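Reader: I'd like to learn how to read the side-chain packing in a model like this one. Could you walk me through it?

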Amino acid sequence: MHRFFAQRKAGDLLYLVKEDIKHFKDVLRIKDDEEVEVYIDGSGYIAILNSYAKDELSLKIISEIKEQYEPNIKITLFQSLVKSDKMDFIIQKAIEMGVYSIVPIETKRSIVKKKDIKDKKLERYKNIAKAAAMQSKREFIPSVADAIKFDEAKEILDSFDLVLIAYEDEIEHSIKDFEIKDKKNIAIIVGPEGGFDISEVDELKRCGYKSISMGKRILRAETAPIALLTMLYYEYNGSGLL
């Protein structure tokens with residue numbers, strides 16, 4: 001069953017955003033009596049087509065979806081800025097994996113800088129996030145925040161129950177050294193193509209955040225966050241599945 005996100009709800013009607021109407025009618029060619037899943041504000045519904053016009057499509061609610069599929073744990077990915085195609089891949093796959101939100105950050109070795117993330121590129125990131133959420137049947141669209149600098153990231157990390165830094169030179173600690181099951185709000189920080197500068201890791205560790213090894217192999221910037229998310233979900237619920 002196809003899944004959509006509504007922009008508003010009025011009584012028993014749900015309205016799709018304008019850019020999804022063509023996808024609904026012309027790409028998927030959903031029939032008038034075909035049921036679809038529609039989510040808004042974290043609530044899900046089974047609905048069928050109610051009315052269609054060029055710029056407006058409404059769906060009539062048939063029933064409410066009671067089951068909840070989102071993990072109880074909320075993981076925010078602080079991803080160092082990487083080249084555009086890699087960032088696209090990371091956003092897409094991290095959302096498929098179940099990440100709660102993504103914060104792009106500029107670190108010392110980032111080839112892409114905060115100033116390079118113009119409105120058009122951020123809009124692209126958000127469109128990728130939305131498409132990934134629809135494809136993987138998420139209950140909401142995880143946010144992709146405006147890019148921030150390393151020092152700005154430090155100012156908001158204290159709000160998390162646990163902060164883990166994926167660091168290739170860490171030799172003492174792994175994810176196994178930390179209790180994940182009792183945490184509800186975790187931040188993971190992943191470096192750019194050239195890895196973190198050691199001064200950045202030292203600064204984060206002085207703040208009480210924990211660096212962890214990802215194993216004996218050096219992972220690419222776009223592989224590391226996906227591998228780390230898999231490890232976290234396994235530690236949290238005993239499988240790599242959400």
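This is a predicted model: local features need pLDDT of at least 70, side-chain atom pairs count only at pLDDT 80 or more; totals for chains, interfaces and linings use all residues.

Reader: Which residues have the most contacts inside the largest nonpolar core?

Author: That core has 63 residues, and the ones with the most contacts inside it are Phe24, Leu59, Ile91, Ile180, Ile188 and Leu232. There's also a second, separate core of 17 residues, with Phe150, Leu157, Phe196 and Val201 among them.

Reader: Take Phe24. What is Phe24 in contact with, leaving aside its neighbours within four places in sequence?

Author: Phe4, Leu16, Arg29, Ile30, Val36, Leu49, Leu57 and Leu59.

Reader: Now the rings. How many aromatic pairs are there?

Author: For the rings, look at the distance between centres and then the angle between planes; between 30 and 60 degrees, a pair counts as tilted. The count here is 3 aromatic pairs. In one of them, the ring centres of Phe4 and Phe24 are 5.2 Å apart with the planes at 50 degrees, so this pair is tilted. It ties together distant parts of the chain, with Phe4 in strand S1 and Phe24 in helix H1, 20 residues apart. Both Phe4 and Phe24 are buried.

Reader: And Tyr100 with Phe140: why is that pair tilted?

Author: Its planes also sit at 50 degrees, with the centres 5.5 Å apart, so it counts as tilted. Tyr100 is in the loop between helix H2 and strand S7, while Phe140 is in the loop between helix H3 and strand S8. Tyr100 counts as partly exposed at 33% relative accessibility, and Phe140 counts as partly exposed at 22%.

Reader: Which charged residue lies over the face of Tyr15?

Author: Arg8, at 3.9 Å from the ring centre. Over the face of Tyr52 you'll find Lys25, at 5.0 Å from the ring centre.

Reader: On to salt bridges. Is Glu37, which pairs with Arg3, buried or exposed?

Author: The structure holds 20 salt bridges. In the one between Glu37 and Arg3, the closest N and O atoms are 2.8 Å apart. Glu37 counts as buried at 13% relative accessibility, and Arg3 is buried at 5%. Shared partners join Arg3, Glu37 and Lys137 into one network.

How values were computed:
Residues are numbered from 1 along each chain as its sequence is written. Side-chain values use heavy atoms; hydrogens and water are left out. Rings of Phe, Tyr and Trp (its six-membered ring) pair if their centres lie within 6.5 Å; planes under 30 degrees apart count as stacked, over 60 as edge-to-face and the rest as tilted. Helices (H or I, at least four residues) and strands (E, at least two) are DSSP runs, numbered from the N terminus. Buried means under 20% relative accessible area, exposed over 50%, partly exposed in between (1.4 Å probe, protein chains only). A charge sits over a ring if NZ of Lys or CZ of Arg is within 6 Å of the ring centre and within 35 degrees of the ring normal. A nonpolar core is a set of buried Ala, Val, Leu, Ile, Met, Phe, Trp, Tyr and Cys residues joined through side-chain atoms within 4.5 Å. Contact means heavy atoms within 4.5 Å. A salt bridge is a side-chain nitrogen of Lys or Arg within 4 Å of a carboxyl oxygen of Asp or Glu.
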